[in-house]
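Here is a short report for a reader new to this structure. Please look at the sequence and the model first, then read on.

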Amino acid sequence: MRRFLKVTGRLALVLLAVLVVAGVAFANFSPELGGKPTKAQKAAYACTGRYVDGEFRNLEPTEVMTGGSTFSVLWRFLFTKVPNAAPAAPLPTQPLDSSSITRKTPELVRVTWFGHSASLVEIGGKNVLLDPMLSVKMGPLPLVTPRRYNPSLAITAEQLPAIDAVLISHDHYDHLDYQTIRKLKDKTARFLVPLGVGAHLLAWGVAPEKIQELDWQDSVQLPGLTIVSTPARHFSGRGLTNRNSTSWSSWVLKTPIHRVFYSGDGGYGQHFRAIGQQHGPFNLALLECGQYDANWAQIHMLPEQSVQAALDVRARTMLPVHWGAFTEAHHAWNEPVRRATAAAALHQLPITTPELGQPITLGQPLPQRRWWE
């Protein structure tokens, strides 16, 4: 047994070394890494009070790793199996007809979730995409990154009609996808992103006039729609040496009669209550719900915390996202939605659980079938 442990330990070290070498290689050569903010931009970021020593900070002290070393977490993820970590078959998906997206009125609020956090919000007569990771493969090293459960999505980036705004919560690969942005850049009117993220888009060929970086509480006014960048509790970085070099955000979408909130990624914190007091109540809140672990408890929420966050922002209905596409944590693939629906029922909070690609429309019965069981 001792010899076996030594051998497996050496293999794990070799694997880790290979991953590090591969990471250095893609950091130097892959366009997926993105760009870097200029010195002038960094000086401007420092004026926000959140950018210190080359890194953005959260509103409250936050540790990325809250238990165990990076090596021990990697070991557990690679060699300790979780029952039901991925579905046995592709998840049920409803193909989305692009022609239906073009038929809308300013009063319509319709949301279509594509899996993980990627969602289309039709509000105020506008098409708004949230964190559109619409690729099957993730990042520059798909052989070592999580596989998407489904071999195709409800709609492709090419099939989407003109987009009024793309909102990015942060620059991690499962939220800011190089391939998707390249396909959307010519059909999207504007990209609204956290501070620093614009450098990635510029490196990928997005026209500078289409990019607007927003600090927390900054807003953009479109005809019939206001979009506000609001706080989140997370971290950023696409390479080995640029952690927290860009910021992260949640987002508020407001019309004169409707309000929608998107949490982005992040841990639970007092910012949710503040957002609810300033911008709520919300007709619908898309809340991160999945990819949690005790080892990163401050940067991702447990499902019960996601429900509490929905209550804090004064959401009338919760839509759990950040699940249903990739396995990125040590829990069953459908555990997040099971725990969230139970917690929501306990608090008498309405929750909607559409299939991938199934639009939900405010004012109409909301999908609640337990299709994940």
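## A pocket and its lining

The second largest pocket has 16 lining residues, and G35, K36, T241, N242 and S245 are the ones nearest its centre. Its volume is about 280 Å³. The lining holds five nonpolar, eight polar and three charged residues. Here Ala, Val, Leu, Ile, Met, Phe, Trp, Tyr, Cys and Pro count as nonpolar, Asp, Glu, Lys and Arg as charged, and the others, Gly among them, as polar.

A pocket is an open set of points on a 1 Å grid over the protein atoms alone, where a 1.4 Å probe fits, with protein on both sides within 12 Å along at least five of seven lines; lining residues have an atom within 4 Å of a point. Points are joined across faces, edges and corners, and the volume is the space filled by probe spheres set on them.

## How to read the model

This is a predicted model: local features need pLDDT of at least 70, side-chain atom pairs count only at pLDDT 80 or more, and totals for chains, interfaces and linings use all residues. Residues are numbered from 1 along each chain as its sequence is written, and side-chain values use heavy atoms, with hydrogens and water left out.

Seven strands make an open sheet with mixed pairing, in the order 8-7-6-5-4-3-15. Strand 8 (211–214) and strand 15 are at the edges; each has a single partner strand, so one side of each lacks a neighbour in the sheet. Strands (E, at least two residues) and helices (H or I, at least four) are DSSP runs, numbered from the N terminus. Two strands pair if DSSP finds at least two bridges between them.

Strand 7 (residues 191–194) runs parallel to strand 8, and four bridges join them.

## Aromatic pairs

The model has 14 aromatic pairs. The rings of Y51 and F56 are tilted, because their centres are 4.7 Å apart and their planes stand at 55°. Y51 and F56 are both buried. Rings of Phe, Tyr and Trp (its six-membered ring) pair if their centres lie within 6.5 Å; planes under 30 degrees apart are stacked, over 60 edge-to-face, and the rest tilted. Buried means under 20% relative accessible area, exposed over 50%, and partly exposed in between (1.4 Å probe, protein chains only).

Y178 and W204 form an edge-to-face pair, 5.3 Å centre to centre with 75° between the planes. This pair links distant parts of the chain, 26 residues apart: Y178 is in helix 5 (residues 178–184), and W204 is in the loop between helix 6 (198–203) and strand 8. Y178 is buried at 14% relative accessible area, and W204 is buried at 1%. Elsewhere, ring pairs join W113, Y149, W323, W333, W371 and W372 into a cluster.

## Loops and backbone

Several loop residues deserve a look. The peptide bond from G280 to P281 is cis, with omega near -5°. P281 sits in the loop between helix 7 (271–279) and strand 13 (284–288).

Q217 is not a glycine, yet its phi is positive, about 80°. Q217 lies between strand 8 and strand 9 (219–222), in a loop, and is partly exposed at 39%. N244 also has a positive phi, near 60°. Its loop runs between strand 10 (225–230) and strand 11 (250–254), and N244 is buried at 10%.

H347 lies in the loop between helix 9 (335–346) and strand 15 (360–361). Leaving aside neighbours within four places in sequence, H347 is in contact (heavy atoms within 4.5 Å) with V307, Q308 and L311.
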